[in-house]
Amino acid sequence: MLRDKAVQIEKGDGRLNILGINCFSHDTSACLLKDGEVVAFAEEERFNREKHTKSFPDGAIEFCLKAGGIDIGDVDYVGFPFRPGLDFYRGFLHFLKYFPGSYKRFALQGLIDLNLVGKVSYFKRKYGYKNKVVFVGHHESHAASAFFASPFSKAAILSIDRGGDFLSTLLAFGEGTGLRVLRTIPNPHSLGEVYSAVTAYLGFKPNSDEGKVMGLAPYGRDTYLEDFRKLIRFEESGAFEVDLDFFPHHLVGRWFSDKFVRKFGEPREPESEIDARHEDIAAAVQKITEETALSLANDLYEMTKSKNLCIAGGVGLNSVMNARLLKETPFEEIFIQPAANDAGTALGCALYICHVLLGNERNYRMEQVCYGPEFSNREIEEALRRRNISFERLENPARRGAELLVKGKIVGWFQGKMEVGPRALGNRSILADPRFPGMKDILNHKVKHREGFRPFAPSVLEEDAEEYFGDYYPSPFMLLVLLFKKDKRSVVPAVTHVDGTGRVQTVSRKVNSLYWRLIAEFKKITGLPVILNTSFNVRGQPIVRSPEDAL
Ligand SMILES: [Fe+2]
(Lines give C-alpha, C1' and ligand atoms only; values in the text may rest on other atoms or scores of the structure.)
Protein backbone atom coordinates (compact mmCIF):
# COMPACT_ATOMS: atom_id res chain seq x y z
CA MET A 1 0.00 0.00 0.00
CA LEU A 2 2.72 2.42 1.03
CA ARG A 3 4.90 1.12 -1.77
CA ASP A 4 2.63 2.75 -4.39
CA LYS A 5 3.47 6.19 -3.08
CA ALA A 6 6.94 5.35 -1.84
CA VAL A 7 9.43 8.10 -1.19
CA GLN A 8 12.49 6.56 -2.83
CA ILE A 9 15.83 7.79 -1.62
CA GLU A 10 19.37 8.14 -2.76
CA LYS A 11 21.97 8.03 0.00
CA GLY A 12 22.14 11.42 1.67
CA ASP A 13 19.77 13.26 -0.62
CA GLY A 14 17.80 14.56 2.34
CA ARG A 15 14.44 13.42 1.11
CA LEU A 16 13.21 10.89 3.61
CA ASN A 17 12.85 11.40 7.35
CA ILE A 18 11.26 8.65 9.42
CA LEU A 19 10.69 9.04 13.14
CA GLY A 20 10.17 5.84 15.14
CA ILE A 21 8.47 6.25 18.52
CA ASN A 22 8.14 3.58 21.20
CA CYS A 23 5.54 4.99 23.56
CA PHE A 24 3.52 1.87 24.27
CA SER A 25 5.58 0.04 26.84
CA HIS A 26 8.48 0.51 29.22
CA ASP A 27 11.80 1.89 27.91
CA THR A 28 10.05 4.46 25.73
CA SER A 29 12.30 5.94 23.09
CA ALA A 30 12.59 7.75 19.77
CA CYS A 31 14.77 7.22 16.73
CA LEU A 32 15.26 9.40 13.66
CA LEU A 33 16.17 7.73 10.39
CA LYS A 34 17.37 10.09 7.68
CA ASP A 35 17.73 8.62 4.20
CA GLY A 36 17.89 5.16 5.76
CA GLU A 37 20.60 5.97 8.33
CA VAL A 38 20.20 6.49 12.05
CA VAL A 39 21.07 10.07 13.00
CA ALA A 40 19.59 10.18 16.51
CA PHE A 41 18.28 7.52 18.87
CA ALA A 42 17.71 7.73 22.62
CA GLU A 43 15.64 6.41 25.50
CA GLU A 44 13.33 8.74 27.39
CA GLU A 45 14.67 7.54 30.78
CA ARG A 46 17.87 9.52 30.16
CA PHE A 47 15.83 12.71 29.89
CA ASN A 48 13.23 12.28 32.62
CA ARG A 49 15.64 10.30 34.90
CA GLU A 50 13.13 7.54 35.60
CA LYS A 51 14.67 4.14 34.84
CA HIS A 52 12.71 2.05 32.28
CA THR A 53 10.17 4.85 32.08
CA LYS A 54 6.77 4.36 30.48
CA SER A 55 6.28 8.11 29.99
CA PHE A 56 5.70 9.51 26.52
CA PRO A 57 9.18 10.14 25.03
CA ASP A 58 8.90 13.90 24.54
CA GLY A 59 12.52 14.48 25.58
CA ALA A 60 13.78 11.85 23.15
CA ILE A 61 11.59 13.11 20.28
CA GLU A 62 12.68 16.72 20.77
CA PHE A 63 16.29 15.61 20.91
CA CYS A 64 15.92 13.57 17.67
CA LEU A 65 14.41 16.49 15.76
CA LYS A 66 17.11 18.88 17.01
CA ALA A 67 19.94 16.46 16.31
CA GLY A 68 18.58 15.86 12.82
CA GLY A 69 18.28 19.60 12.22
CA ILE A 70 14.64 19.27 11.16
CA ASP A 71 11.18 20.36 12.22
CA ILE A 72 8.24 18.05 12.69
CA GLY A 73 6.94 19.21 9.31
CA ASP A 74 10.02 17.63 7.68
CA VAL A 75 9.13 14.19 9.02
CA ASP A 76 7.60 12.08 6.24
CA TYR A 77 6.54 9.08 8.31
CA VAL A 78 6.07 8.45 12.00
CA GLY A 79 6.19 4.78 12.95
CA PHE A 80 4.79 3.17 16.08
CA PRO A 81 5.91 -0.37 16.96
CA PHE A 82 2.55 -1.68 17.97
CA ARG A 83 -0.79 -2.25 16.26
CA PRO A 84 -3.69 -1.11 18.44
CA GLY A 85 -6.39 -3.73 18.69
CA LEU A 86 -4.22 -6.64 17.57
CA ASP A 87 -3.56 -7.84 21.11
CA PHE A 88 -7.30 -7.75 21.75
CA TYR A 89 -8.11 -9.57 18.53
CA ARG A 90 -5.42 -12.25 18.86
CA GLY A 91 -6.17 -12.74 22.53
CA PHE A 92 -9.88 -13.29 22.06
CA LEU A 93 -9.75 -17.10 21.91
CA HIS A 94 -7.46 -17.10 24.90
CA PHE A 95 -9.97 -14.95 26.76
CA LEU A 96 -12.77 -17.42 26.01
CA LYS A 97 -10.65 -20.39 27.04
CA TYR A 98 -9.80 -18.93 30.44
CA PHE A 99 -13.09 -17.15 31.13
CA PRO A 100 -14.05 -16.03 33.77
CA GLY A 101 -10.50 -15.83 35.16
CA SER A 102 -9.38 -13.84 32.14
CA TYR A 103 -12.02 -11.11 32.22
CA LYS A 104 -9.81 -8.64 34.08
CA ARG A 105 -6.95 -9.11 31.67
CA PHE A 106 -9.27 -8.73 28.70
CA ALA A 107 -10.92 -5.62 30.05
CA LEU A 108 -7.52 -4.18 30.84
CA GLN A 109 -6.40 -4.85 27.27
CA GLY A 110 -9.29 -2.77 25.97
CA LEU A 111 -8.17 0.11 28.17
CA ILE A 112 -4.58 -0.32 27.07
CA ASP A 113 -5.62 -0.09 23.41
CA LEU A 114 -7.63 3.05 24.09
CA ASN A 115 -4.69 4.53 25.91
CA LEU A 116 -2.44 3.76 22.95
CA VAL A 117 -4.71 5.43 20.48
CA GLY A 118 -4.82 8.36 22.90
CA LYS A 119 -1.04 8.61 22.84
CA VAL A 120 -1.00 8.84 19.05
CA SER A 121 -3.57 11.65 19.20
CA TYR A 122 -1.50 13.37 21.89
CA PHE A 123 1.56 13.20 19.66
CA LYS A 124 -0.23 14.62 16.62
CA ARG A 125 -1.79 17.39 18.67
CA LYS A 126 1.28 18.39 20.63
CA TYR A 127 3.68 18.44 17.69
CA GLY A 128 1.21 19.50 15.00
CA TYR A 129 2.17 16.46 12.96
CA LYS A 130 0.16 16.04 9.76
CA ASN A 131 2.05 13.51 7.64
CA LYS A 132 1.70 9.72 7.59
CA VAL A 133 1.44 7.51 10.66
CA VAL A 134 2.29 3.82 10.31
CA PHE A 135 1.68 1.09 12.89
CA VAL A 136 4.18 -1.75 12.59
CA GLY A 137 3.80 -5.04 14.49
CA HIS A 138 5.71 -5.18 17.76
CA HIS A 139 7.79 -8.26 16.95
CA GLU A 140 8.17 -7.20 13.32
CA SER A 141 9.73 -4.04 14.76
CA HIS A 142 12.08 -6.03 16.99
CA ALA A 143 12.97 -8.27 14.04
CA ALA A 144 13.55 -5.31 11.69
CA SER A 145 15.72 -3.60 14.31
CA ALA A 146 18.00 -6.62 14.31
CA PHE A 147 18.12 -7.53 10.62
CA PHE A 148 18.21 -4.14 8.91
CA ALA A 149 20.85 -2.88 11.35
CA SER A 150 22.97 -6.01 10.85
CA PRO A 151 25.79 -6.42 8.33
CA PHE A 152 24.00 -9.40 6.72
CA SER A 153 22.22 -9.40 3.36
CA LYS A 154 20.38 -12.57 4.43
CA ALA A 155 19.79 -13.84 7.96
CA ALA A 156 17.56 -15.84 10.26
CA ILE A 157 15.91 -13.63 12.87
CA LEU A 158 14.84 -14.48 16.39
CA SER A 159 12.72 -12.04 18.41
CA ILE A 160 11.96 -13.10 21.98
CA ASP A 161 10.46 -10.99 24.74
CA ARG A 162 7.61 -10.91 27.23
CA GLY A 163 5.10 -10.01 24.58
CA GLY A 164 3.65 -7.51 22.17
CA ASP A 165 0.59 -7.75 19.90
CA PHE A 166 -0.16 -10.97 21.86
CA LEU A 167 3.01 -12.67 20.58
CA SER A 168 5.95 -13.61 22.75
CA THR A 169 8.24 -14.94 20.06
CA LEU A 170 8.72 -14.51 16.34
CA LEU A 171 11.00 -16.42 13.99
CA ALA A 172 11.68 -14.81 10.63
CA PHE A 173 13.96 -14.72 7.64
CA GLY A 174 15.37 -11.47 6.29
CA GLU A 175 16.66 -11.04 2.77
CA GLY A 176 17.58 -7.73 1.19
CA THR A 177 14.74 -5.38 2.00
CA GLY A 178 12.28 -8.15 2.85
CA LEU A 179 11.31 -9.82 6.07
CA ARG A 180 9.31 -13.06 6.05
CA VAL A 181 7.66 -14.32 9.25
CA LEU A 182 8.16 -18.07 9.67
CA ARG A 183 6.64 -18.85 13.04
CA THR A 184 5.02 -17.02 15.90
CA ILE A 185 4.34 -18.14 19.45
CA PRO A 186 1.40 -16.46 21.16
CA ASN A 187 1.18 -15.10 24.69
CA PRO A 188 0.79 -16.13 27.41
CA HIS A 189 3.39 -18.73 26.42
CA SER A 190 6.35 -16.48 26.90
CA LEU A 191 9.94 -17.05 27.86
CA GLY A 192 10.29 -13.40 28.82
CA GLU A 193 7.25 -13.71 31.07
CA VAL A 194 8.71 -16.75 32.84
CA TYR A 195 12.05 -15.00 33.37
CA SER A 196 10.36 -11.87 34.70
CA ALA A 197 8.16 -13.99 37.00
CA VAL A 198 11.19 -15.67 38.53
CA THR A 199 12.89 -12.27 38.78
CA ALA A 200 9.91 -11.10 40.87
CA TYR A 201 9.91 -14.36 42.88
CA LEU A 202 13.59 -13.81 43.74
CA GLY A 203 12.79 -10.39 45.20
CA PHE A 204 14.00 -8.31 42.27
CA LYS A 205 12.14 -5.93 40.02
CA PRO A 206 10.57 -7.59 36.98
CA ASN A 207 11.14 -5.87 33.64
CA SER A 208 14.25 -4.34 35.09
CA ASP A 209 16.40 -6.69 37.15
CA GLU A 210 16.50 -9.75 34.89
CA GLY A 211 20.25 -9.16 34.48
CA LYS A 212 20.65 -9.66 38.24
CA VAL A 213 19.10 -13.12 37.94
CA MET A 214 21.48 -13.90 35.09
CA GLY A 215 24.38 -12.72 37.27
CA LEU A 216 23.18 -14.81 40.21
CA ALA A 217 22.67 -17.99 38.15
CA PRO A 218 26.32 -19.13 37.98
CA TYR A 219 26.37 -19.41 41.80
CA GLY A 220 23.57 -21.97 41.68
CA ARG A 221 23.42 -25.73 41.14
CA ASP A 222 21.04 -27.83 39.05
CA THR A 223 18.77 -28.65 42.00
CA TYR A 224 15.60 -27.41 40.29
CA LEU A 225 16.51 -27.80 36.66
CA GLU A 226 14.43 -30.94 36.04
CA ASP A 227 11.42 -29.30 37.73
CA PHE A 228 11.81 -26.19 35.61
CA ARG A 229 12.17 -28.26 32.45
CA LYS A 230 8.63 -29.49 33.08
CA LEU A 231 7.31 -25.91 33.13
CA ILE A 232 8.06 -25.32 29.46
CA ARG A 233 6.89 -27.98 27.01
CA PHE A 234 7.76 -28.18 23.36
CA GLU A 235 5.11 -29.21 20.90
CA GLU A 236 5.54 -31.10 17.63
CA SER A 237 5.10 -27.84 15.73
CA GLY A 238 8.22 -26.43 17.37
CA ALA A 239 6.25 -23.94 19.45
CA PHE A 240 6.48 -24.12 23.24
CA GLU A 241 3.89 -23.93 25.98
CA VAL A 242 4.38 -22.59 29.47
CA ASP A 243 2.62 -24.34 32.35
CA LEU A 244 0.17 -21.58 33.22
CA ASP A 245 -0.72 -23.22 36.52
CA PHE A 246 2.66 -21.94 37.70
CA PHE A 247 2.76 -18.61 35.84
CA PRO A 248 -0.70 -16.99 35.94
CA HIS A 249 0.30 -13.59 34.62
CA HIS A 250 -2.22 -13.91 31.79
CA LEU A 251 -4.96 -13.60 34.40
CA VAL A 252 -3.56 -10.28 35.65
CA GLY A 253 -1.90 -9.36 38.82
CA ARG A 254 0.31 -12.24 39.81
CA TRP A 255 3.60 -13.33 38.38
CA PHE A 256 3.64 -16.78 39.99
CA SER A 257 0.94 -18.97 41.55
CA ASP A 258 0.43 -20.59 44.95
CA LYS A 259 1.30 -23.84 43.22
CA PHE A 260 4.69 -22.37 42.30
CA VAL A 261 5.23 -21.36 45.93
CA ARG A 262 4.19 -24.81 47.21
CA LYS A 263 6.68 -26.39 44.84
CA PHE A 264 9.65 -24.04 45.20
CA GLY A 265 9.10 -22.39 48.57
CA GLU A 266 8.33 -18.87 49.73
CA PRO A 267 9.43 -16.00 47.49
CA ARG A 268 12.45 -14.00 48.62
CA GLU A 269 11.71 -10.69 50.30
CA PRO A 270 13.39 -7.80 48.47
CA GLU A 271 16.75 -6.84 50.04
CA SER A 272 16.79 -9.97 52.24
CA GLU A 273 19.68 -12.41 52.32
CA ILE A 274 20.24 -14.49 49.20
CA ASP A 275 20.64 -18.17 50.00
CA ALA A 276 21.51 -21.31 48.05
CA ARG A 277 17.86 -21.97 47.14
CA HIS A 278 17.61 -18.58 45.47
CA GLU A 279 20.83 -19.20 43.58
CA ASP A 280 19.58 -22.61 42.44
CA ILE A 281 16.29 -21.16 41.19
CA ALA A 282 18.16 -18.44 39.31
CA ALA A 283 20.32 -21.17 37.76
CA ALA A 284 17.22 -23.16 36.75
CA VAL A 285 15.42 -20.30 35.02
CA GLN A 286 18.60 -19.28 33.24
CA LYS A 287 19.21 -22.83 32.00
CA ILE A 288 15.68 -23.39 30.70
CA THR A 289 15.82 -20.02 28.97
CA GLU A 290 19.01 -21.09 27.23
CA GLU A 291 17.61 -24.51 26.36
CA THR A 292 14.34 -23.10 24.99
CA ALA A 293 16.19 -20.52 22.92
CA LEU A 294 18.56 -23.20 21.60
CA SER A 295 15.63 -25.30 20.49
CA LEU A 296 14.02 -22.30 18.75
CA ALA A 297 17.29 -21.35 17.09
CA ASN A 298 17.97 -24.89 15.86
CA ASP A 299 14.49 -24.98 14.32
CA LEU A 300 15.10 -21.58 12.79
CA TYR A 301 18.30 -22.85 11.24
CA GLU A 302 16.49 -25.83 9.75
CA MET A 303 13.89 -23.50 8.26
CA THR A 304 16.34 -20.98 6.82
CA LYS A 305 19.69 -22.79 6.42
CA SER A 306 21.23 -19.35 6.86
CA LYS A 307 24.60 -19.09 8.58
CA ASN A 308 23.64 -15.71 10.04
CA LEU A 309 21.51 -15.11 13.10
CA CYS A 310 20.02 -11.76 14.20
CA ILE A 311 18.56 -11.36 17.68
CA ALA A 312 16.30 -8.79 19.33
CA GLY A 313 13.56 -8.63 21.97
CA GLY A 314 14.17 -8.18 25.68
CA VAL A 315 15.37 -11.76 26.15
CA GLY A 316 18.06 -10.92 23.58
CA LEU A 317 19.84 -8.98 26.34
CA ASN A 318 20.59 -12.34 27.96
CA SER A 319 24.24 -12.44 26.97
CA VAL A 320 24.86 -15.92 28.41
CA MET A 321 22.06 -17.27 26.21
CA ASN A 322 23.42 -15.41 23.18
CA ALA A 323 26.85 -16.98 23.56
CA ARG A 324 25.29 -20.46 23.68
CA LEU A 325 23.23 -19.71 20.57
CA LEU A 326 26.43 -18.88 18.73
CA LYS A 327 28.39 -21.82 20.09
CA GLU A 328 25.83 -24.61 20.09
CA THR A 329 23.83 -24.08 16.89
CA PRO A 330 24.90 -24.25 13.23
CA PHE A 331 24.78 -20.45 13.01
CA GLU A 332 28.26 -19.06 12.36
CA GLU A 333 27.68 -15.32 12.62
CA ILE A 334 25.54 -13.41 15.07
CA PHE A 335 24.27 -9.84 15.36
CA ILE A 336 22.47 -8.80 18.53
CA GLN A 337 20.86 -5.41 18.23
CA PRO A 338 22.25 -3.49 21.22
CA ALA A 339 18.91 -1.90 22.18
CA ALA A 340 17.30 -5.35 22.07
CA ASN A 341 14.65 -4.37 24.61
CA ASP A 342 11.56 -2.34 23.69
CA ALA A 343 13.64 0.83 23.29
CA GLY A 344 14.91 -0.73 20.08
CA THR A 345 11.44 -1.00 18.56
CA ALA A 346 11.60 2.74 17.75
CA LEU A 347 14.57 1.91 15.51
CA GLY A 348 12.91 -1.24 14.20
CA CYS A 349 9.62 0.31 13.12
CA ALA A 350 11.47 3.12 11.33
CA LEU A 351 13.69 0.61 9.49
CA TYR A 352 10.64 -1.52 8.66
CA ILE A 353 8.90 1.45 7.04
CA CYS A 354 12.04 2.45 5.15
CA HIS A 355 12.84 -0.98 3.70
CA VAL A 356 9.88 -3.35 3.87
CA LEU A 357 7.08 -0.87 3.21
CA LEU A 358 8.86 1.71 1.05
CA GLY A 359 11.25 -0.72 -0.60
CA ASN A 360 14.34 1.45 -0.19
CA GLU A 361 17.71 -0.26 -0.53
CA ARG A 362 19.75 -0.69 2.64
CA ASN A 363 22.69 1.62 3.24
CA TYR A 364 23.14 1.36 7.00
CA ARG A 365 24.97 -0.90 9.42
CA MET A 366 24.85 -0.41 13.16
CA GLU A 367 28.51 -0.46 14.14
CA GLN A 368 28.22 1.73 17.21
CA VAL A 369 25.57 2.93 19.65
CA CYS A 370 26.46 6.56 20.34
CA TYR A 371 23.41 8.29 18.88
CA GLY A 372 22.42 10.35 21.91
CA PRO A 373 23.06 13.90 23.14
CA GLU A 374 26.58 15.33 23.35
CA PHE A 375 27.94 18.33 25.21
CA SER A 376 30.62 20.87 24.34
CA ASN A 377 33.69 21.55 26.52
CA ARG A 378 32.12 24.88 27.39
CA GLU A 379 28.93 23.23 28.64
CA ILE A 380 30.98 20.77 30.69
CA GLU A 381 33.10 23.55 32.18
CA GLU A 382 30.01 25.55 33.08
CA ALA A 383 28.55 22.54 34.87
CA LEU A 384 31.81 22.09 36.81
CA ARG A 385 31.90 25.76 37.78
CA ARG A 386 28.30 25.68 38.96
CA ARG A 387 29.28 22.89 41.34
CA ASN A 388 32.55 24.56 42.36
CA ILE A 389 34.54 21.58 41.19
CA SER A 390 38.13 22.26 40.19
CA PHE A 391 39.20 21.04 36.78
CA GLU A 392 41.97 21.14 34.23
CA ARG A 393 42.04 20.68 30.47
CA LEU A 394 44.14 17.71 29.44
CA GLU A 395 46.33 17.36 26.38
CA ASN A 396 46.11 13.61 26.53
CA PRO A 397 43.08 12.39 28.51
CA ALA A 398 43.70 8.80 27.43
CA ARG A 399 47.16 8.82 29.02
CA ARG A 400 46.01 10.56 32.21
CA GLY A 401 43.00 8.24 32.48
CA ALA A 402 45.22 5.19 32.21
CA GLU A 403 47.65 6.55 34.84
CA LEU A 404 44.79 7.14 37.27
CA LEU A 405 43.43 3.63 36.71
CA VAL A 406 46.84 2.10 37.41
CA LYS A 407 46.97 4.05 40.67
CA GLY A 408 43.78 2.27 41.73
CA LYS A 409 41.51 5.27 41.10
CA ILE A 410 37.96 4.89 39.86
CA VAL A 411 37.45 7.04 36.78
CA GLY A 412 34.17 8.58 35.59
CA TRP A 413 34.60 8.62 31.82
CA PHE A 414 32.21 11.00 30.06
CA GLN A 415 32.81 11.83 26.40
CA GLY A 416 30.99 12.43 23.11
CA LYS A 417 27.50 11.23 22.35
CA MET A 418 25.54 9.17 24.86
CA GLU A 419 24.99 5.48 24.11
CA VAL A 420 21.57 4.05 23.35
CA GLY A 421 20.67 0.69 24.93
CA PRO A 422 21.32 -0.55 28.43
CA ARG A 423 25.11 -0.91 28.13
CA ALA A 424 27.58 1.92 28.58
CA LEU A 425 30.31 1.34 26.03
CA GLY A 426 32.91 3.96 26.81
CA ASN A 427 31.06 7.28 26.53
CA ARG A 428 29.14 7.23 29.84
CA SER A 429 31.19 4.70 31.81
CA ILE A 430 32.77 4.20 35.22
CA LEU A 431 36.18 2.57 34.78
CA ALA A 432 38.64 0.78 37.02
CA ASP A 433 41.73 -1.43 37.00
CA PRO A 434 40.57 -5.06 36.68
CA ARG A 435 43.72 -6.44 38.33
CA PHE A 436 42.66 -5.49 41.85
CA PRO A 437 40.70 -8.38 43.44
CA GLY A 438 38.90 -6.00 45.84
CA MET A 439 37.76 -3.62 43.10
CA LYS A 440 34.49 -5.47 42.52
CA ASP A 441 33.41 -5.06 46.14
CA ILE A 442 34.49 -1.41 46.30
CA LEU A 443 32.50 -0.59 43.17
CA ASN A 444 29.44 -2.63 44.14
CA HIS A 445 29.19 -1.36 47.71
CA LYS A 446 30.71 2.11 47.73
CA VAL A 447 30.24 3.48 44.23
CA LYS A 448 27.22 1.84 42.65
CA HIS A 449 25.48 0.75 45.87
CA ARG A 450 24.37 -2.54 44.40
CA GLU A 451 24.32 -6.24 45.26
CA GLY A 452 27.69 -7.81 45.94
CA PHE A 453 27.18 -10.83 43.68
CA ARG A 454 26.92 -8.77 40.51
CA PRO A 455 29.87 -9.03 38.18
CA PHE A 456 31.59 -6.25 36.23
CA ALA A 457 32.39 -6.32 32.57
CA PRO A 458 35.73 -6.15 30.78
CA SER A 459 36.44 -3.78 27.87
CA VAL A 460 39.19 -5.34 25.78
CA LEU A 461 41.09 -4.05 22.77
CA GLU A 462 39.59 -5.83 19.77
CA GLU A 463 43.05 -6.78 18.50
CA ASP A 464 43.96 -8.59 21.71
CA ALA A 465 40.64 -10.14 22.74
CA GLU A 466 41.25 -13.56 21.22
CA GLU A 467 44.22 -14.01 23.55
CA TYR A 468 41.90 -13.77 26.55
CA PHE A 469 38.82 -15.78 25.60
CA GLY A 470 38.18 -19.30 24.42
CA ASP A 471 35.61 -19.61 21.59
CA TYR A 472 36.22 -15.97 20.85
CA TYR A 473 33.76 -13.92 18.84
CA PRO A 474 33.71 -10.10 18.58
CA SER A 475 31.31 -8.53 21.06
CA PRO A 476 31.21 -4.78 20.36
CA PHE A 477 27.97 -4.23 22.28
CA MET A 478 28.76 -6.26 25.42
CA LEU A 479 26.07 -8.80 24.61
CA LEU A 480 28.08 -12.02 24.71
CA VAL A 481 29.37 -13.70 27.85
CA LEU A 482 32.57 -15.58 26.98
CA LEU A 483 34.80 -17.86 29.01
CA PHE A 484 38.15 -16.37 29.98
CA LYS A 485 41.06 -18.66 29.21
CA LYS A 486 42.13 -20.36 32.44
CA ASP A 487 45.47 -18.58 32.72
CA LYS A 488 43.85 -15.15 32.32
CA ARG A 489 41.25 -15.38 35.07
CA SER A 490 43.60 -14.59 37.93
CA VAL A 491 45.08 -11.71 35.93
CA VAL A 492 41.77 -9.82 35.81
CA PRO A 493 39.88 -10.96 38.93
CA ALA A 494 37.62 -7.88 39.10
CA VAL A 495 36.00 -8.73 35.74
CA THR A 496 36.00 -12.52 36.00
CA HIS A 497 32.68 -13.92 37.21
CA VAL A 498 32.45 -16.88 39.58
CA ASP A 499 32.21 -19.30 36.63
CA GLY A 500 35.27 -17.87 34.87
CA THR A 501 33.29 -15.83 32.35
CA GLY A 502 33.18 -12.17 31.38
CA ARG A 503 30.49 -10.15 29.60
CA VAL A 504 33.01 -8.73 27.21
CA GLN A 505 33.03 -5.55 25.15
CA THR A 506 35.55 -5.62 22.32
CA VAL A 507 36.69 -2.09 21.57
CA SER A 508 37.53 -1.03 18.05
CA ARG A 509 39.82 1.88 17.23
CA LYS A 510 37.62 2.81 14.28
CA VAL A 511 34.40 2.92 16.32
CA ASN A 512 35.55 4.65 19.52
CA SER A 513 39.09 5.97 19.09
CA LEU A 514 39.40 7.85 22.40
CA TYR A 515 38.18 4.91 24.46
CA TRP A 516 40.42 2.59 22.44
CA ARG A 517 43.40 4.88 23.12
CA LEU A 518 42.65 4.87 26.85
CA ILE A 519 42.83 1.08 26.96
CA ALA A 520 45.91 1.12 24.70
CA GLU A 521 47.61 3.52 27.16
CA PHE A 522 46.62 1.22 30.03
CA LYS A 523 48.22 -1.63 28.09
CA LYS A 524 51.43 0.40 27.57
CA ILE A 525 51.80 0.79 31.33
CA THR A 526 50.58 -2.62 32.51
CA GLY A 527 50.89 -4.93 29.52
CA LEU A 528 47.17 -5.60 29.90
CA PRO A 529 44.66 -4.59 27.18
CA VAL A 530 41.68 -4.95 29.55
CA ILE A 531 39.89 -2.48 31.81
CA LEU A 532 36.77 -2.73 33.96
CA ASN A 533 33.77 -0.90 32.47
CA THR A 534 30.46 -0.34 34.23
CA SER A 535 27.70 2.07 33.36
CA PHE A 536 27.89 5.63 34.71
CA ASN A 537 24.96 5.47 37.13
CA VAL A 538 24.08 4.26 40.60
CA ARG A 539 21.62 1.54 41.45
CA GLY A 540 18.09 2.27 40.34
CA GLN A 541 19.06 5.32 38.25
CA PRO A 542 19.36 5.55 34.47
CA ILE A 543 22.79 6.06 32.93
CA VAL A 544 23.82 9.72 33.01
CA ARG A 545 23.06 11.88 30.00
CA SER A 546 24.47 15.35 30.82
CA PRO A 547 27.48 16.69 32.74
CA GLU A 548 25.03 17.74 35.47
CA ASP A 549 23.81 14.14 35.81
CA ALA A 550 27.40 12.91 35.96
CA LEU A 551 28.40 15.33 38.72
FE1 LIG B 1 9.13 -6.17 23.08
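Asp-161 is buried, with a relative accessibility of 4% (buried means under 20% relative accessible area, exposed over 50% and partly exposed in between, using a 1.4 Å probe and protein chains only). The model is predicted, so local features need pLDDT of at least 70 and side-chain atom pairs pLDDT 80 or more, while totals for chains, interfaces and linings use all residues. Residues are numbered from 1 along each chain as its sequence is written, and side-chain values use heavy atoms, with hydrogens and water left out.

Helices (H or I, at least four residues) and strands (E, at least two) are DSSP runs, numbered from the N terminus. Asp-342 is also buried, at 5% relative accessibility.

### Helix 13

Helix 13 is mostly covered, with 13 of its 14 residues buried. At 1.5 Å a residue, its 14 residues should span 20 Å, and the 19 Å between its end C-alpha atoms agrees with this (the expected span is 1.5 Å times one less than the number of residues). Gly-359, with a positive phi near 75°, follows helix 13.

### Pockets and cavities

How many cavities of 30 Å³ or more does a search of the whole structure find? The search finds three. On a 1 Å grid over the protein atoms alone, a cavity is a set of points where a 1.4 Å probe fits but cannot get out, and a pocket is an open set with protein on both sides within 12 Å along at least five of seven lines; lining residues have an atom within 4 Å of a point. Points are joined across faces, edges and corners, and a volume is the space filled by probe spheres set on them. In the table, Ala, Val, Leu, Ile, Met, Phe, Trp, Tyr, Cys and Pro count as nonpolar, Asp, Glu, Lys and Arg as charged, and the others, Gly among them, as polar.

| Space | Volume | Lining residues by class |
|---|---|---|
| Second largest pocket | about 1,200 Å³ | 17 nonpolar, six polar, five charged |
| Largest cavity | about 70 Å³ | four nonpolar, five polar, two charged |
| Second largest cavity | about 40 Å³ | six nonpolar, three polar, one charged |

The second largest pocket has 28 lining residues, and Ile-380, Glu-392, Leu-394, Gly-412 and Phe-414 lie nearest its centre. Helix 14 (377-386), helix 15 (397-406), strand 13 (411-414) and helix 20 (547-550) each supply at least two residues of that lining.

Around the largest cavity there are 11 lining residues, with Gly-91, His-94, Arg-105, Phe-106 and Phe-166 nearest its centre. Helix 3 (86-90), helix 4 (92-98) and helix 5 (103-127) are the elements giving two or more residues to this lining, and helix 5 gives the most, with three.

The lining of the second largest cavity includes Pro-188, Glu-193, Phe-247 and His-250.

### Backbone exceptions

Most residues other than glycine have a negative phi, and most peptide bonds are trans. Pro-188, in the loop between strand 8 (178-186) and helix 7 (191-201), is reached by a cis peptide bond from Asn-187, with omega near 5°.

Asp-165 has a positive phi near 55°. Its place is the loop between strand 6 and strand 7 (167-175), and Asp-165 is buried at 1% relative accessibility. Asp-471 also has a positive phi, of about 45°, and lies in the loop between helix 17 (465-468) and strand 16 (480-483). At 54% relative accessibility, Asp-471 is exposed.
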